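I opened the structure to look up a few residues and helices. These are my entries, in the order I made them.

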Amino acid sequence: MRQILVFGCFFIFASTVGQGKLDGFLKPSDTLDIKRRNTVIISEAAFSSVVLVGLNQIWYADYPRSNFHWINDNSEWLQMDKAGHVLSCYHLGSFGQQTLAWSGVSEKNQLIYGATLGLAFMSVVEVMDGYSSNWGASLGDVAANVTGTALFVSQQLAWKEQRIVPKFSFHQTQYAPQRPEVLGKSLNEQILKDYNGQTYWLSANVHSFFKKGKIPQWFNVALGYGAEGMITGNDPPDDEISVSDVERYRQFYLSFDADLTKIKTKSHVLKTIFALFNTIKIPAPTFEINGRGDLKFHYLYF
């Protein structure tokens, strides 16, 4: 949903300034462009501040503050929240690296100051959690944040490209209406809060590993992880929440995907659009095996 909003704003902007001018604007600089670099730094600082203020109002404003404290939430939500931290840090780091590349910053500084954007942003969020009485800072979250950043940086260092990309998909479930105050009342809230409908993927570009073969450059194979039956973070006491026939279990997926950034085009407008949508796993035939021992085939899973 957020990607659709970004695309809509991007399309309006493109229509206003014109395709040719926008394409030239989006073309990365071959050398350091001080004006562009300063624009990136100021824009990211301003945007991060606005997002953090928004998060404070959505997540923390209704709960009392506390002294900074740590919690161990590693067993909650069958680790789906940790997968979300990995994905967020990876893509924020990717965005930070690409914007600095656009301004002509050296590859070394792209990784030092750009690829760590997600880790820095999510570390601030973790501090905010630590001062909230309803949550707390989590070492598991910190480890997931580091993992997401490391996944991006290690591939840039080893291959100079991203061969394995974390992606996200979502479908509405029966569980959110049973506890909407936790799992979300609207679709927008459920995308963020209902872990039952979220799936996190590692999408690997096959051609990148077998460059001499005839495999299409955009063709990916994706491994996914999901979970269902989660009304609360952990199993609740019987007298707290009564939900019949709810069983918590993990789901593992094997599917096809596409790396949109591998689609050849000279248009920097299209390259930007493809990069935005490459965070989302495309619907495709999918095999599932879950914690109950079931083996399923989905003709089209999202």
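Which residues is Asn 56 in contact with, leaving aside its neighbours within four places in sequence? I worked from a predicted model. I found contacts from Asn 56 to Ala 61, Arg 65 and Met 128. Asn 56 sits in helix 3. I noted a relative accessibility of 19% for Asn 56, so it counts as buried, the cut-off being under 20%.

**Whole protein**

I counted 11 helices and eight strands in the protein. The protein has 302 residues, and 43% of them are buried. I also looked at contacts with a separation of 6 or more: 69% of these join residues 24 or more positions apart.

**Helix 3**

I went back to helix 3, which runs over residues 34-60 and has 27 residues. From its first C-alpha to its last I read 38 Å, close to the 39 Å expected at 1.5 Å a residue. I then listed the buried residues of helix 3: Arg 36, Val 40, Glu 44, Ser 48, Leu 52, Asn 56 and Tyr 60.

What caps the N-terminal end of helix 3? I found Asp 33 there, with a side-chain oxygen 3.1 Å from the backbone nitrogen of Lys 35.

**Helices 6 and 7**

I next took the pair formed by helix 6 (residues 117-130) and helix 7 (residues 139-159). They pack at an angle of about 170°, and their axes are 10 Å apart. Because of that angle, helix 6 is roughly antiparallel to helix 7, the cut-off being over 145 degrees. On the helix 6 side I noted Leu 119, Met 122, Glu 126 and Asp 129 making the contact. On the helix 7 side I noted Asp 141, Val 142, Asn 145, Val 146 and Thr 149. Sorted by class, the contact has four nonpolar, two polar and three charged residues.

I looked at Lys 160 in the loop between helix 7 and strand 3 (164-170). Lys 160 is not a glycine, yet its phi is positive, about 60°. Is Lys 160 buried or exposed? I read a relative accessibility of 58%, so Lys 160 counts as exposed.

**Ser 208**

I placed Ser 208 in helix 10 (residues 206-209). Its relative accessibility is 4%, so Ser 208 counts as buried. Not counting residues up to four places away in sequence, I found Ser 208 touching Glu 161, Arg 163 and Lys 262. I also saw a side-chain to side-chain polar contact between Ser 208 and Asn 205, at 2.6 Å. I checked Ser 208 against Trp 159 too: they are 49 residues apart in sequence, and their C-alpha atoms are 9.3 Å apart in space.

Phi of Gln 79 is near 70°, a positive value in a residue other than glycine. Its relative accessible area is 26%, so I put Gln 79 down as partly exposed.

Ser 75 is found in the loop between strand 1 and helix 4 as well. With a relative accessible area of 45%, Ser 75 is partly exposed. Which residues does Ser 75 contact, leaving aside its neighbours within four places in sequence? I found Gly 233 and Asn 234. Ser 75 and Gly 233 are 158 residues apart along the chain, with 8.0 Å between their C-alpha atoms. With Asn 234, the side chain of Ser 75 makes a polar contact to the side chain, at 3.3 Å.

**Helix 11**

My last entry is on His 268, which lies in helix 11 (residues 268-277). His 268 has a relative accessible area of 16%, so it is buried. Leaving aside neighbours within four places in sequence, I found His 268 in contact with Asp 23, Leu 26, Lys 27 and Pro 28. The buried residues I noted in helix 11 are His 268, Val 269, Ile 273 and Phe 274. I also noted that Ser 267 caps the N-terminal end of helix 11, with a side-chain oxygen 3.3 Å from the backbone nitrogen of Val 269.

Key: Residues numbered from 1 in each chain as written. Predicted model: local features only at pLDDT ≥ 70, side-chain atom pairs only at ≥ 80, totals over all residues. Heavy atoms only, no water. Helix = DSSP H or I, 4+ residues; strand = E, 2+ residues; numbered from the N terminus. Buried < 20%, exposed > 50% of the residue type's maximum accessible area, 1.4 Å probe, protein only. Contact = heavy atoms within 4.5 Å. Polar contact = N/O pair within 3.5 Å; in protein donor to acceptor, adjacent residues only side chain to side chain. Axes fitted to C-alpha atoms, helices over the stretch in contact; angles between N-to-C directions. Parallel < 35°, antiparallel > 145°, perpendicular 65-115°, else oblique. Nonpolar A, V, L, I, M, F, W, Y, C, P; charged D, E, K, R; others polar. Expected span 1.5 Å × (residues − 1).
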